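Student: I'm new to this one. Show me the structure, please.

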Amino acid sequence: MSTMHQDVEPGDAVHPGDPVRVDRYTTGARINHWITAASLVLLALSGLALFHPSLYFLADLFGGGQSARAIHPWIGAVLFFSFCGMFIRFWRANLWEPNDTVWMRRLRDVLAAHDENLPELGRYNAGQKVVFWAMSILIIVLIASGVLIWDQYFSQYTTLEQKQLAVLVHSAAAVTVICVWIVHVYAAIWVRGTIPAMVKGYVTGGWAWRYHRRWLRDLVAGSRDRNSGATSAG
Ligand code: HEM
């Protein structure tokens, strides 16, 4: 599989104007991502069902209040381990760089689409990095506080006061992670051409050039070095 290729079938003529595809995510990364995404949505729905009487109707999606309560921590465990997979794949690409601070300071230009005033970026922009680290911290807080209130298995290890504090922390982290998730999805839709990256695994050369030019340059340099050999999709 190559990093960059044109959208052609065997036997097709290749034209210089054909769109160039740039691989961004492997199949494994995409499966990992969508399991994470589905578990967060199910986790939020089952959690909200237990959160407030006005949201009890959501428990019907899980076969009633008792089963929503029983299944919620298990979905949390799936989210945690699935996100660990995402973390191992992407933490390095989300490390902060000096250009990220410049990008953040020019958020006005980002929102006004004045790309010419923005620095060249690697695989992710500063906004994505903030979302990544926020998700990482919040998911650790959620699993840790969640275990403390998982009465079925751990009730004898905590006092009532510790449980009360854990419920508070758990609820606050849950509301925050839902807000971060909304920002993540909104940004993915707002930057056109981003959703196909996670659905099909590739982006257009134009998208890569416009939003993540240094990543594209590195890919091109890498493919040249390897004489258009292995892929660099994460
Ligand atoms: C259900 C709705 C979701 C949609 C539509 C969505 C969409 C996307 C898209 C399009 C990308 C590719 C961005 C790019 O390559 O520039 C992406 C990346 C990513 N998503 Fe999601 N996502 C969703 C849910 C989630 C959830 C629930 C999590 C974690 C709790 C998550 C974690 C990530 C991570 C870690 C990346 C890699 C970007 C990075 O490391 O900064 N996503 N998502």
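Tutor: One term to begin with: buried means under 20% relative accessible area, exposed over 50%, and partly exposed in between (1.4 Å probe, protein chains only). This is a predicted model, where local features need pLDDT of at least 70, side-chain atom pairs count only at pLDDT 80 or more, and totals for chains, interfaces and linings use all residues. Residues are numbered from 1 along each chain as its sequence is written, and side-chain values use heavy atoms, without hydrogens and water.

Student: OK. How many salt bridges does the structure hold?

Tutor: There are 7 salt bridges (a side-chain nitrogen of Lys or Arg within 4 Å of a carboxyl oxygen of Asp or Glu).

Student: Which residue forms one with D100?

Tutor: K129 does, with the closest N and O atoms 2.7 Å apart. D100 sits in helix α3 and K129 in helix α5, 29 residues apart, so the pair links distant parts of the chain (helices are DSSP runs of H or I, at least four residues, numbered from the N terminus).

Student: Is D100 buried or exposed?

Tutor: D100 counts as buried, because its relative accessibility is 2%. K129 is also at 2% and counts as buried.

Student: What else does K129 meet in a salt bridge?

Tutor: E97, at 4.0 Å from N to O. E97 counts as partly exposed, at 28% relative accessibility. E97, D100, K129, R214 and D218 are linked in a network of salt bridges.

Student: New topic. Which residues come nearest to the ligand?

Tutor: R24, Y25, H33, Q128 and H184, of the 24 residues around the ligand (each with a heavy atom within 4 Å). Helix α1 gives the largest share of that shell, 5 residues.

Notes: Helix = DSSP H or I, 4+ residues; strand = E, 2+ residues; numbered from the N terminus.
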